[in-house]
Amino acid sequence: MTITEKPVDTEKEKRKIKSVKKMKEIMTHYYIDAKTADQTGKKVAWITSGGPVEPLIAMDVIPVYPENHGAMIGASKMGADLCENAEAMGYSGDLCTYALADIACSTVNGGPIGGLPRPDMLVCCNNICGTVLKWYEVQARYYNAPLFILDTPFCHTEFSEEARQYVRRQLDEYLAFLETNCGRKFDQDHLAEVGRLSMEGQRLWQAVLDTAINKPAPMSAFDAFFHLALIVTLRGTKTAIDYYTELLDEMKTRVAGGISAVPNEKYRLLWDNLPVWYRTRWLSDKFASHSACLVADTYTSAWCGSLKYMDETDFLNSMAEGYSRIYLNIGTDKMADMVLGMIDKYDVHGLVMHSNRSCKPYSLGQYDIQRIVQEKRGLPTLIIEADMIDARSFSESQVETRIDAFMEVLKA
Amino acid sequence: MASGIRNPISGMEKGQRVMLTIGIDVGSISAKAVVVKDGELMGSKVILTGYNSRNAGEKVFGGLLAELCISRDAVDRIVATGYGRNSVDFADKAVTEITCHATGAYFQDPAIRTVIDIGGQDSKAIALNSAGRVRDFAMNDKCAAGTGRFLEVMARALEVDLDAFGEKSLQSDSPAVISSLCTVFAESEVISLIAKGESRKNIIAGIHESVGARVVAMASRVGIQEPVMMTGGVARNVGVVRALEKRSGKSILVSKFAQVNGAIGAALIAAVNR
């Protein structure tokens, strides 16, 4: 009897990003720390993805992101089921599916990691959307935990002095909120240090994303969707800096060795909006089958997009502007400018936009951005209708036909 | 049936060996096949798709060859299109219906700049450039309201033969208002209109206007540049064509080969791409 071993696909092995393993370890430890916080005496704060996390890190509070958890729920294909649970609780199916899944998950301790740890406090910043206000109020009531809301005015084009003062004063209230709930004085010097680490982490993340300027790109947006987790959850820590330093080195090595994310990269595309978490593999394979690589995206770059407004030497004061002028809190014209900038920077052949049923602030204005891109760059654009975690909003044959037709246009 | 129509894009030169290519369009309702020989349409066949799209592709292909007394060996290349394109495993290549409808329309009239294709479960607007290439396209999203299946459901509710829908709606004096976007809800809207004593012709005209409004809104995203050609099975419904014209303010040419236009495009592409 002979034992036949499955041959190792060396080509595929070569393309695998080695840092993935490390990343998984870090995220596992992070969630273990968060879920055992009640035993270690640490406090846990739930915070929105665009919220100012640095003061939490400075106070040694573990930040937990329901949106990152939402992404995990989506990737584990558990979104639709949890959304149905929330609908059964009486929440409208038209709401954001991150909110629905999170609210439902709290009641059943479900999802891929058996639910998030109970929050000692919640921090909600409405720079990403309006839904978070009601979502966090619901959860604050459910857990009977204090909620801090940071209101960032919408910045159509400019950031006024009044807006700066308005947000800056709230930051003082935020620090006071943390002092009350942690039972100790806030250490401003420590915040300055955390701010420095945060900005260094963001610069490194930007540098990682920028390696995709190379042709062929050593990583794709699908890789960025995965490696994003640390700049969201551990921004302001040395862990994030060390990891992204390593990842950047790996990317540089790949560039030097000509190792590309997609074999025989011929077409370079820009992705807009959140990933379709339950279909990232399918979409990645679909585009790769056309020798197309999504080399950049507007989503993962949002966690370093407002660096230009931040000041390392005056971190606390600059947070007001930095956290207000993020991608989802600016006017459509400004968003279009950023999209055009990325089109030029990454030298792409086309734009793929995910019209995300859940995310209104991200999806509103996409048709205008599409028109602006067509007028100013003459590039083909594609809009895919889906939802970030609810597979009920995804029709495979519809999406497949759109992608195939879009690629036929690009190839013609 | 199409003798005299030459293929303006096949790029064939005089003296080149005659190419015999097949286009197979497996749609959600019907499967179509055509034979193109040396840039001329030799024949076509349409059958119902049924539940098995692979079988439908095989059946319409085999049936057409038998009718035209062509042996399989004589076929140079096959291109499959339509929602079942990937299940036609004996095809040399699969190409989307968007590219195929554009190619088919351009073959019939190179001046065409916009194609509106309404099939069984898809409606599409395709913008063409002067070379007959797809410049941009828009498709209906997750909902199939305003497509062939929608009209089928309405015909059943009204107990009117779908083929008579077009003519009946032209007799309307005051089209009813059908506001629901959902096929199932629109059906109950139709049933309540019947209960209120609204005439069939006005209800049908209202259904066509709702299709027209939906498709024109979608097509406007790519810009409805004239001349406009309508393709797909629904193009045979004159009521929908009139409603589209009324809503868009543009005149619409109906392809003589509306239902098999996608298959024609596929066969032409098969002749070009070797």
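## Helix packing, a parallel sheet and a chain contact

In this predicted model, helix α9 (residues 161–182) of chain A packs against helix α15 (residues 315–324) of chain A at an angle of about 115 degrees, and their axes lie 9 Å apart. The crossing in which α9(A) passes α15(A) is right-handed. On the side of α9(A), the contact is made by A:A163, A:R164, A:V167, A:R168 and A:L171, while α15(A) contributes A:L316, A:N317, A:M319, A:A320, A:E321 and A:S324. By class, the residues of this contact comprise six nonpolar, two polar and three charged.

The sheet of chain A is described next. Four strands form an open sheet in the order β6-β5-β7-β8 (chain A), with parallel pairing. Because β6 and β8 (381–386) of chain A stand at the edges with a single partner strand each, one side of each is left without a neighbour in the sheet. Direction ignored, neighbouring strands of this sheet are turned against each other by 30 degrees on average. Helix α18 (residues 366–377) of chain A packs on the sheet, where it touches β5, β7 and β8 of chain A, and the direction of α18 makes about 165 degrees with that of β8(A).

Strand β5 (residues 267–272) of chain A is mostly covered, with five of its six residues buried. The pairings of β5(A) are set out below.

| Partner of β5(A) | Sense | Bridges |
|---|---|---|
| β6(A), residues 292–297 | parallel | five bridges |
| β7(A), residues 350–356 | parallel | four bridges |

The last topic is the contact between the chains. It takes 13 residues from chain A and twelve residues from chain B. On the side of chain B that touches chain A, the elements that give two or more residues are α2 (97–108) and β8 (134–139) of chain B, and β8(B) gives the most, with three residues. That side of chain B has six nonpolar, two polar and four charged residues.

How values were computed: Residues are numbered from 1 along each chain as its sequence is written. Chains are lettered from A and ligands numbered from 1 in the order in which they are written. This is a predicted model: local features need pLDDT of at least 70, side-chain atom pairs count only at pLDDT 80 or more; totals for chains, interfaces and linings use all residues. Two residues are in contact if their C-beta atoms, placed from the backbone, lie within 7 Å. Ala, Val, Leu, Ile, Met, Phe, Trp, Tyr, Cys and Pro count as nonpolar, Asp, Glu, Lys and Arg as charged, and the others, Gly among them, as polar. Axes are lines fitted to C-alpha atoms, for helices over the stretch in contact, and angles run from 0 to 180 degrees between N-to-C directions. A crossing is left-handed if the near helix is turned anticlockwise from the far one by less than a right angle, and right-handed if clockwise. A residue is buried if 20 or more other C-beta atoms lie within 10 Å of its own, exposed if 12 or fewer, and partly exposed in between; C-beta atoms are placed from the backbone. Two strands pair if DSSP finds at least two bridges between them.
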